[in-house]
Amino acid sequence: MERKEAFINQISEGYATKGDYITFGSAILDGETIKDAFVKVPLKTLNRHGLIAGATGTGKTKSLQVMAENLSEKGVPVLLMDIKGDLSGLAKASSGHKKIDERHAAIGLPFEAKNFPVEVLSISEQEGVRLRATISEFGPVLLSRILDLTETQSGIVSIIFKYCDDNKLPLLDLKDLKKILQYVTAEGKEEIQAEYGRISTASTGAILRKIVEIEQQGGDLFFGERSFDVKDLVRTNAEGKGIISILRLTDIQDKPKLFSTFMLQLLAEVYSTFPEQGDSGKPELVIFIDEAHLIFDEASKALLSQIESIVKLIRSKGIGLFFVTQNPKDVPEDVLAQLGLKVQHALRAFTAKDRKAIKLAAENYPDSEYYDVDETLTQLGIGEAFVSVLNEKGIPTPLAATMMRAPMSRMDVLTDKELKQLIDTSRLYYKYNETIDRESAYEILNEKIEAINKKEAIEIKNKKASKSSKSKSKQMNPILKVVTSATFIRGVLGILKRVI
C-alpha cells in the first residue's frame, strides 16, 4: 500500500500544473489503472515538440487524435499529416461504446462525445483545399537542398534565380524552371555568359533530371499558384475551437521525395512568416507528422541538416512539431534530442534485432523505480503508453505507463458523402482551388526565343540576299565580255591597221 501511495504522490506532484493543460489519461501501476492519477501535459510546453511511437495497431493514431481534439478544444489550431487516411472522423462525434465507458470509469474522466472543426487539405489529385507554392518562394538554397544538387549545380540555380530577378521573369512552376534551364544553355547562352559567366550544359542537364524526378512524383500539382498562405492554418471557429487541418496524403506513400519537399517548404514558410514569441501560455500551431520515417528515409544529408535546423529554431515561433512513427530510431538522433514530450506505445520483440531496438528505445526515457522499462514496453496493451513530458519549468516528468483516454470524435473515417459535404462547405476551397496560370518565365522566354529566332531568320535572309547581289555584280555582261576580250581587241586593231 505504501508503494502505491508513494507512486500516486509522485504522479500527482510530477504532473501538477499551474496553467492550462491537456489530460492524456491515468497512470498504471502493476497492471492496475490508478483512478484520478492523471497524466497531464502543460499547454505552454507543447512547442517543445514530441514523439508518438509504437508498433502497428497499438494506438498511435488514437493518441494523435486525442491530442488534436483536446488542443482544438483549448483553442489551438492543429495540422495533421494523414498518410493512412484514418483521421477524417474528427469532424464527427463518437457514437460511443461500452468499452469506452469502462475505460473512462477506470481513468476517472467523464466521456463526452464531440465533433471538431475540420478543414481538408490536399497536395495531390485527392479532393480538398489545394496547397501550392511557387518556385520563387522556395528560393535557390532550399530548392538546391531538396533536389540534392552539388555545389556547382547549386551555384547555377543561384545564377538562374538572379537572372530571373534582374529580368523580371517570375518563376512560378516547374515548366518555368525547365524553360529557363534550357534557355541559358541555348538561345540565351551568350547573354548569360556575358553577365554571369559560363554555365555548363552537363550541369543544367543534371539539374533537369532532378526536376523531372520531382515532376514524376506529382510535383507539377504542388508547384504553382495560388500560393497557400500558412496563416490560414492558424484559425479558430466561432466557438473558439482551433481548426484542425487534415492534409490527405494517402496517395503519396510511394512518393517520399514529394512529401519531404512539401514538409520542408511548409516548415520553412511557417518559420519565416510567424513572429518570435518564445514560451507563451499555449502554442500558436501544433503540427503532427504521421509516418515520419517517410521524411527521413529518402532525405539527403543537406536536407536532413535543414530539417534539424528548423526543428531547433521553430519552437521560438510558438510552433510544436510531433513526429509519429513505429520506432524512435526512425527519427535522427539530433532531431530526437529536441523532442520534449514522448508517448511510447508497445513495441513487439519477434527477433533479436527487435529486442536490441527495444533496449535502445528504453534508453530514451527517464529511469523509474516502478517499471522495468524494457519489459513493460512489450507488455503494454492497446491504448496504453509510456508517457514523459516536460513540466512548466522544462523538467522531465516521472515516467508513467498510462491508460490513454479515448477520442471524443469518431474513430472511423467519414463516408464519401460526408467528406464531400465537408469540402463543399469550406471557404478556403474556393479561395485556393482556382487554377491560375499567369504570364511567367515560361511564356516570356517563349516570346523572347521566338523574337530571337525571327531576328536570326531575317539576318540569314539578308546575308543570302547580299551574297546573291555580290555574286551577280561579279558576273560580266556577255556583250561586254566579247567587246573587252583580247581576241576582239586584236581583231579590231588589225582592221584599223589595214584601213590606215
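**Entry 1: T23**

I looked up T23 to begin with, and it is buried, at a relative accessible area of 10%. My cut-offs, for protein chains only and a 1.4 Å probe: buried is under 20% relative accessible area, exposed is over 50%, and partly exposed is in between. T23 sits in strand β1. Strands here are DSSP runs of E with at least two residues, helices are runs of H or I with at least four, and both are numbered from the N terminus. Leaving out residues up to four places away in sequence, I find T23 touching F38, V39, K40, L109 and R405. Contact means heavy atoms within 4.5 Å.

**Ground rules**

I note that this is a predicted model, where local features need pLDDT of at least 70 and side-chain atom pairs count only at pLDDT 80 or more, while totals for chains, interfaces and linings use all residues. Residues are numbered from 1 along each chain as its sequence is written, and side-chain values use heavy atoms, with hydrogens and water left out.

**Entry 2: overview**

I get 19 helices and 12 strands in the protein. Of its 500 residues, 50% count as buried. Taking contacts with a separation of 6 or more, 77% are between residues 24 or more positions apart.

**Entry 3: helix α3**

Which residues of α3 are buried? For this helix, residues 98-107, I noted I100, H104 and I107. They lie on the same side of α3, because they cover an arc of only 55 degrees around the axis (the arc is that of the directions from the helix axis to the C-beta atoms). The general rule I keep in mind is that an α-helix has 3.6 residues a turn, so residues three or four places apart point the same way. K98 and K99, on the other side of α3, are exposed. The cover over the buried residues includes β1 (21-29), β2 (32-42) and β12 (400-404). After α3 comes G108, with a positive phi near 95 degrees.

**Entry 4: Y371**

Y371 is in the loop between α13 (352-362) and α14 (373-379). Is it buried or exposed? Y371 is buried, with a relative accessible area of 10%.

**Entry 5: α5 and its partners**

Helix α4 (135-147) packs with helix α5 (151-166) at about 155 degrees, axes 8 Å apart. That makes α4 roughly antiparallel to α5. On the α4 side I find I135, S136, G139, P140, L143 and S144, and on the α5 side S154, V157, S158 and F161. By class that is five nonpolar, five polar and no charged residues.

With α8 (201-222), α5 packs at about 85 degrees, axes 10 Å apart, so α5 is roughly perpendicular to α8. Here T152, Q153, I156 and V157 of α5 meet S203, T204, A206 and I207 of α8. This contact has four nonpolar, four polar and no charged residues.

My terms: axes are lines fitted to C-alpha atoms, for helices over the stretch in contact, and angles run from 0 to 180 degrees between N-to-C directions. Under 35 degrees is roughly parallel, over 145 roughly antiparallel, 65 to 115 roughly perpendicular and the rest oblique. Ala, Val, Leu, Ile, Met, Phe, Trp, Tyr, Cys and Pro count as nonpolar, Asp, Glu, Lys and Arg as charged, and the others, Gly among them, as polar.
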